[in-house]
Every structure is written in C-alpha cells, then in structure tokens.
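This report concerns side-chain contacts between charged groups and between aromatic rings. The sequence and structure come first, followed by the analysis.

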Amino acid sequence: MVTHTLVFQFTGAMTEEDRARFFREGAALVLGSGLAESYRHWPHTPLSDEVGAAVAPVFVPSAMAQIKCADLDTMRKLFAYPPLMEFVQQWQARFPYKAVSVNTED
C-alpha cells in the first residue's frame, strides 16, 4: 500500500463552501477512478499566533488529504488519469492553490 499525503494552502478567496465542494468532488473523482483504495481529508488545526510566529512558516497549510493506492504503479496511473488532471486545472484556474505532497509505503 502506498499513501499520497497532500498538504494544501488555499487562498483567502476560497470559502468554506468552496473547500467542501473541492474535497467532495475530488474524493468522488479519485474513488470513482477505481485506482484508489481510500481518500480522506481534514482541515489544518493551527497553533496559536505566538507559536506560529516563532517558527516563521514559509508554507501555512489550510488542509490535508490522503489517498491510498495498492502500489506505486497504481498511484502513477491515478495521477495520469485525465479527469483528475482536468479537475486540478479547473480548480487552479478558479482558486490558485499550492500543494506539497509526500509518498510513503505502508
């Protein structure tokens, strides 16, 4: 099993309703591809301002998501899946966001 963890940084223009739709549509697309075993997401829980200022983050997260695939080859197929590429392009055009990812083997 391979886990792809995404850490998103959304702009202030993206409302909570937009984020809910982003994750709802993303989950449906990823799971509907038949390539992912699971998909989950959750919001970032920030520390107090004092702690945040002390570590001077260069990337302030908004939310995370995890996608699990059977193996690395399946994950490669998922990220080459044309509907997923279209989803990313559409949301990036509407609300440019940044993302950092990490892959781990379970």
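## A salt bridge between helices

Arg-94 is partly exposed, with a relative accessible area of 42%; the classes are buried under 20%, exposed over 50% and partly exposed in between, computed with a 1.4 Å probe on protein chains only. Arg-94 forms a salt bridge with Asp-18, whose closest N and O atoms are 3.4 Å apart. This pair links distant parts of the chain, since Arg-94 belongs to helix α4 (residues 82-94) and Asp-18 to helix α1, 76 residues apart. Asp-18 counts as buried, at 13% relative accessibility.

A salt bridge here requires a side-chain nitrogen of Lys or Arg within 4 Å of a carboxyl oxygen of Asp or Glu. Helices (H or I, at least four residues) and strands (E, at least two) are DSSP runs, numbered from the N terminus.

## Basis of the values

The model is predicted: local features need pLDDT of at least 70 and side-chain atom pairs count only at pLDDT 80 or more, whereas totals for chains, interfaces and linings use all residues. Residues are numbered from 1 along each chain as its sequence is written, and side-chain values use heavy atoms, with hydrogens and water left out.

## Salt bridges within helices

The count comes to five salt bridges. One of them joins Arg-19 to Glu-16, with the closest N and O atoms 3.8 Å apart. Both residues lie in helix α1 (residues 16-32), three residues apart, about one turn of the helix. Arg-19 is buried at 17% relative accessibility, whereas Glu-16 is exposed at 59%.

Another pairs Asp-73 with Lys-77 at 3.5 Å between the closest N and O atoms. These two residues lie in helix α3 (residues 72-79), four residues apart, about one turn of the helix. Asp-73 is partly exposed at 42%, and Lys-77 is partly exposed at 49%.

## Aromatic contacts

There are 13 aromatic pairs, defined for rings of Phe, Tyr and Trp (its six-membered ring) with centres within 6.5 Å; planes under 30 degrees apart are stacked, over 60 edge-to-face and the rest tilted. The rings of Phe-8 and Phe-22 have centres 5.4 Å apart and planes at 85°, so the pair is edge-to-face. Phe-8 lies in strand β1 (residues 2-9) and Phe-22 in helix α1, 14 residues apart. Both Phe-8 and Phe-22 are buried.

One aromatic cluster is formed by Phe-8, Phe-10, Phe-22, Phe-23, Phe-87, Trp-91, Phe-95 and Tyr-97.
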